Amino acid sequence: MKAGKLMALLVALLTIAAVPVSTVWAASSSVAPGEVLIQPLPGVPAIGKPGDVVEIQPAEGVAIQSLQIVSILHGPYDLEIVGTENGIIKAKIPEDAVPDVYFLVVKSDRGEVTIPNGVWVMKDAPTVLRIAHGSDLHVTSGSKMGFVCGDYFQKSIPEILQYCDHPYAMHSYTAADSFMTYYAMTGLQSENVINLIISTGDDVDTNGDSEGYKMLDEAILHGTAAGTPFISIKGNHDHPPTYYNKYVGPRYFYEVIGDFLIIGLDSRGEERHPELEQLQWMENVLKSHPDKVPIVLVHHPFWYSTPDGKWGGTIKGYTAFDDGDWQTLTKYVSWDWEGKNGEYDEIARTFLQLVEKYNVRLVLAGHIHRDKPVLYIDREGNEHWFYTVTTTGAPDKTSNPPSQADQSRGYTTPSWYGSQVIYVYENGTVKFPLAGDVLHEGISSLPIPQKFIVYRQNGEDGTAVKFVNELGEAVSGPFVLEIPAGAKVDPEHTNITYTVLGEREIGGTYYMLLNVTVPAGVSQITVVKEADTQGPEVKVGYLMPGKPRPGQRFKVYVTASDNVGIRDMKVQIISDGKVLAEYPAFSMKPAEVEATYYTEIPGVDASEFTIKVIATDFYGNTGETTYTVGGSTGTSSPSQTETSEGGSTCGPAALVGLALLPALLRRRK
């Protein structure tokens with residue numbers, strides 16, 4: 001059998017036991033949102049005030065039958081279709097609609113979809129646009145993982161254990177969900193709440209990962225259903241937009257928010273910059289909104305360096321309209337925009353000319369997985385901020401602190417899971433209220449989600465969340481949970497302050513909206529049908545390598561499941577009845593209650609030892625198993641034991657698939 005067929009067989013075996021990710025559109029429909037609408041979609045809402053008319057653009061050939069908006073607390077309200085122009089539906093928001101961020105329920109001849117973040121109904125247009133900026137979420141249905149403790153990030157468990165005994169895993173989904181949850185809970189103070197969350201691309205790690213996009217929509221839902229709208233653009237990992245257009249939004253677009261104009265551009269995969277036609281479209285949008293404060297979103301940063309260095313800084317006193325100035329500026333422009341030997345010179349120069357001509361005050365970007373603040377002050381003295389934020393979901397390029405390997409690749413500025421808060425005023429002034437002066441070398445972004453992590457578990461009998469808050473103060477605000485029908489908060493197994501604000505079924509899923517206060521440290525909330533007395537089921541799947549030699553680093557993979565959720569898992573190394581060492585184990589699919597967990601052992605100085613796995617749920621119930629390594633035969637053989645709550649976690653196909661993986665990889669090599 002060929003290697004490709006073997007890997008396909010393995011994937012099929014693993015898929016048999018996979019738990020499907022919950023979706024955010026009607027459960028009875030298999031239609032993706034983008035198969036019904038081009039806009040709005042979860043990453044690009046329709047925006048207006050009560051009584052305003054918003055635009056709804058159906059997908060080609062789709063007939064819209066009705067439009068409705070609903071949130072956990074408000075509605076449903078029917079949107080009145082008042083007309084159609086060039087195929088775009090004009091729909092009126094009811095005068096009595098309560099300001100909120102609504103699901104948009106669309107009935108069409110192609111099916112029914114329920115779109116989170118579909119319509120943002122504003123009370124008043126903001127005079128200050130308070131933005132929470134994240135980028136490079138890299139959500140995946142696979143296992144894109146990093147590990148954190150305090151200010152430190154590392155790419156593997158043994159490395160992070162050099163900095164603390166109790167690190168936390170950050171799957172890209174966990175990071176994205178924590179980012180959305182935090183900024184929906186609180187901006188700064190009640191009078192200065194963040195009124196918009198923005199992501200500047202690479203929302204998903206692989207453009208063909210449809211399940212990854214569904215997970216992204218779930219994270220978007222957790223922020224927007226709590227009342228904070230979200231806007232995103234496409235990155236190179238989202239290219240070509242095979243699923244991006246179905247689950248997030250169009251290639252490029254614009255949004256008007258009161259006095260502010262947001263333009264989202266597509267820098268197109270490996271092209272790494274917009275095409276000239278797209279810039280011409282951008283100029284037409286700018287011309288038609290002369291009284292707005294323009295903000296541009298584009299994934300690839302425009303500047304590579306400044307006179308201050310590669311980290312960023314200030315460029316002052318030039319104009320892209322002067323040939324001599326432009327020749328000077330080209331040495332600072334990123335080759336993603338300028339190209340080798342200026343092959344894209346017209347595109348790069350046109351973009352900067354548009355920034356100057358229409359006084360674009362803020363350009364937000366991502367892509368490089370580290371902070372790069374640049375202040376461009378043109379010849380007329382106008383300030384144009386180009387702010388590139390570090391990755392919010394996958395800082396896999398540079399460890400923190402940088403290792404020798406990082407430095408050998410030219411990375412000296414450490415990376416972490418970060419974001420930024422940016423204020424844009426109606427006069428165009430740009431400020432960074434929490435970071436202050438960002439024009440310095442090193443990290444300038446904020447430690448969200450690095451120090452505020454949300455681990456959600458949605459089980460058959462309940463929902464549970466573990467919070468890790470290392471910000472040094474409590475965090476308060478609205479919080480959304482998916483729950484089983486009839487489930488209630490269990491105060492005996494909840495140690496955060498909470499008030500239930502409302503519950504509602506939307507699109508086939510039950511939601512609960514709470515106001516919570518998450519204290520500093522580790523805390524949890526449980527929402528269950530009844531008290532949980534059932535422990536996790538756990539079993540060692542395999543080791544890699546399968547027969548570790550004394551002192552050799554190896555990984556332990558464990559299959560586990562629970563009816564509500566697993567809070568913690570640890571792996572002990574035991575010899576002669578003594579625990580030699582203990583390591584945390586982490587879920588490779590943290591959004592699921594049935595998943596594979598793993599840990600990495602730096603080595604055991606023995607040829608025979610026992611691996612003991614202990615999984616603990618949110619009620620303190622445990623499930624245990626052991627695995628014997630070595631012995632007189634010199635082979636690794638599983639010797640599984642479980643507690644009374646334990647047992648096999650999934651079907652034989654999944655375990656067979658896991659066991660086959662090392663052999664298949666060896667044969668492929």
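This is a predicted model: local features need pLDDT of at least 70, side-chain atom pairs count only at pLDDT 80 or more; totals for chains, interfaces and linings use all residues.
The structure contains 26 salt bridges. In one of them, Lys 246 pairs with Glu 35, with the closest N and O atoms 3.9 Å apart. Lys 246 belongs to helix 5 (residues 244-247) and Glu 35 to the loop between helix 1 (3-16) and strand 1 (37-39), so this pair ties together parts that are 211 residues apart in sequence. Lys 246 is partly exposed, at a relative accessible area of 27%, and Glu 35 is likewise partly exposed, at 27%.

Asp 325 and Arg 379 form another salt bridge, in which the closest N and O atoms are 2.5 Å apart. This pair links distant parts of the chain, 54 residues apart: Asp 325 lies in helix 7 (residues 323-329), and Arg 379 in the loop between strand 21 (372-378) and strand 22 (383-388). Asp 325 has a relative accessibility of 12% and therefore counts as buried, the limit being under 20%, whereas Arg 379, at 46%, is partly exposed. Elsewhere, salt bridges with shared partners join Lys 234, Arg 251, Asp 266, Arg 268 and Glu 275 into one network. Within this network, Glu 275 and Arg 251 meet at 3.1 Å, N to O.

Ser 288 is located in the loop between helix 6 (276-287) and strand 18 (293-297). Its side chain reaches the backbone oxygen of Val 285 at 2.9 Å and makes a polar contact of 3.0 Å with the side chain of His 289.

Helix 9 (residues 345-357) comprises 13 residues and spans 18 Å from its first C-alpha to its last. Its buried residues include Ile 347, Phe 351 and Leu 354. Asn 359, which follows helix 9, has a positive phi near 50°.

Definitions and conventions: Residues are numbered from 1 along each chain as its sequence is written. Side-chain values use heavy atoms; hydrogens and water are left out. Helices (H or I, at least four residues) and strands (E, at least two) are DSSP runs, numbered from the N terminus. The expected span of a helix is 1.5 Å times one less than its number of residues. Buried means under 20% relative accessible area, exposed over 50%, partly exposed in between (1.4 Å probe, protein chains only). A polar contact is a pair of N or O atoms within 3.5 Å; within protein, one must be able to donate a hydrogen and the other to accept it, and residues adjacent in sequence count only if both atoms are side-chain atoms. A salt bridge is a side-chain nitrogen of Lys or Arg within 4 Å of a carboxyl oxygen of Asp or Glu.
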